[in-house]
Amino acid sequence: MKNNLFSTYGRFLLFGLGIMGLSEVSQAQEAKKHAPIIDVHVHASQINPNFANDLCPWFLSNMPGSGPKQTPPSFINTDCARPLKAAKSTEEFQQKLMETAERLNITFVASGDAEILHRWKAAAPKRVIPSLGISNAEQMTVEAFEDSLSNGFYQVMGEVAPQYQGMSPSDMSLDEYFGVAEKLGIPVGIHMGTGGNGMANITSPKYRASMGNPFLLEDMLARHPKLKIWVMHAGYPMIDEMIALMGANAYVYVDLAGFIWSYPLEEIHMYLERLVQAGFGKRILYGTDLMVWPELLETSIGVIENANYLSEDQKRDIFFNNAVRFFNLDPSQFEGIED
Ligand SMILES: [Zn+2]
């Protein structure tokens, strides 16, 4: 893959040099720079080739039942014309992620393995915004958490995912951590909603669908009135609760990660269109929930690009402008913005 890409590019470059001078080539390439995209939901982890499986997008279009004495439902399936290939090593994933981010002009908020986050940040300082995740108090003391968020490397708190432990985001055991983020003005991403087919049967017996209800954020938000949060996975499928929560709390945004490439496409578009129709087009962040499939970046971008109920301005808001506002970024720092 890498060699093919390189040789194609190499041929283009040689051809280009044959008919234009070097500066003209670089100008032409610059003019073609893709409009910037901010992906607010990327995971950094050591990749174990035995567990990194290929994936069919929208694999949850069919969720057959199972029974306690039958084989559990498979979490992902590869029964489609063109499954997305999983990277088979940590190095391969980084190389393909960075190549795609450069080509499509993506900057991403990433959480997970600290060593890998440091490697990514060193490889592409302008493309990576490190995020520190915590989902229960056993992972880190409040003091250590505050130290980590204060040293300048981490700019975001997330992914916070108490739902997998059957815990509400308003559980008091997490309260001081949210207090630190509020004090330091750090935005927070909280997993609410999706779990796939049979999550409680397969890998997470403590997972509770009910703990993904966006209303469970209300008490925590009331205790931290200056906290800025985004609801990861947009509280799918609890659209009414999500809309009510955003109506009551003006600092709450959502991301589209995960569900836009796993649940049925018509269902996804219905959910996204409803959010926009309800008036929240300026509070939707683009994200993938990327773990091991580099091509998922293109797949997810395609979902938004093909949403014919969105105007071009609304798409740019989702891809970029809303995240710039939410994370207090400087838009002039991003290349490829049209005046
Ligand atoms: Zn999540």
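Student: Which elements do the buried residues of H3 pack against?

Tutor: A residue counts as buried if 20 or more other C-beta atoms lie within 10 Å of its own, exposed if 12 or fewer, and partly exposed in between, with C-beta atoms placed from the backbone. In this predicted model, the buried residues of H3 pack against strand E2 (106-112) and helix H4 (114-123). Helices (H or I, at least four residues) and strands (E, at least two) are DSSP runs, numbered from the N terminus. Contact here means C-beta atoms, placed from the backbone, within 7 Å.

Student: Which residues of H3 are buried, and where do they sit around the axis?

Tutor: They are Thr-90, Phe-93, Leu-97 and Ala-101. Viewed down the axis of H3, these fall within an arc of 60°, so they line one face of the helix; the arc is that of the directions from the helix axis to the C-beta atoms. Glu-91 and Glu-102, on the other side of H3, are exposed. After H3 comes Asn-105, with a positive phi near 60°.

Student: What span should helix H3 have?

Tutor: The expected span is 1.5 Å times one less than the number of residues. For the 15 residues of H3 (residues 90-104) that gives 21 Å, and the end C-alpha atoms are 21 Å apart, which agrees.

Student: How should I read the sheet, and in what order do the strands come?

Tutor: Strands of a sheet pair through backbone hydrogen bonds, either parallel or antiparallel. Two strands pair if DSSP finds at least two bridges between them. Here 8 strands form an open sheet with parallel pairing, in the order E1-E2-E3-E4-E5-E6-E7-E8. Strand E1 (37-44) and strand E8 (284-285) are at the edges, each with a single partner strand, so one side of each has no neighbour in the sheet.

Student: How is the chain divided into domains?

Tutor: Domain bounds come from an automatic or database domain assignment. That assignment gives domain 1 (1-32) and domain 2 (35-62 + 72-333), whose C-alpha centres lie 35 Å apart.

Student: What should I keep in mind about numbering and confidence?

Tutor: Residues are numbered from 1 along each chain as its sequence is written. Because the model is predicted, local features need pLDDT of at least 70 and side-chain atom pairs count only at pLDDT 80 or more, while totals for chains, interfaces and linings use all residues.

Methods: Two residues are in contact if their C-beta atoms, placed from the backbone, lie within 7 Å.
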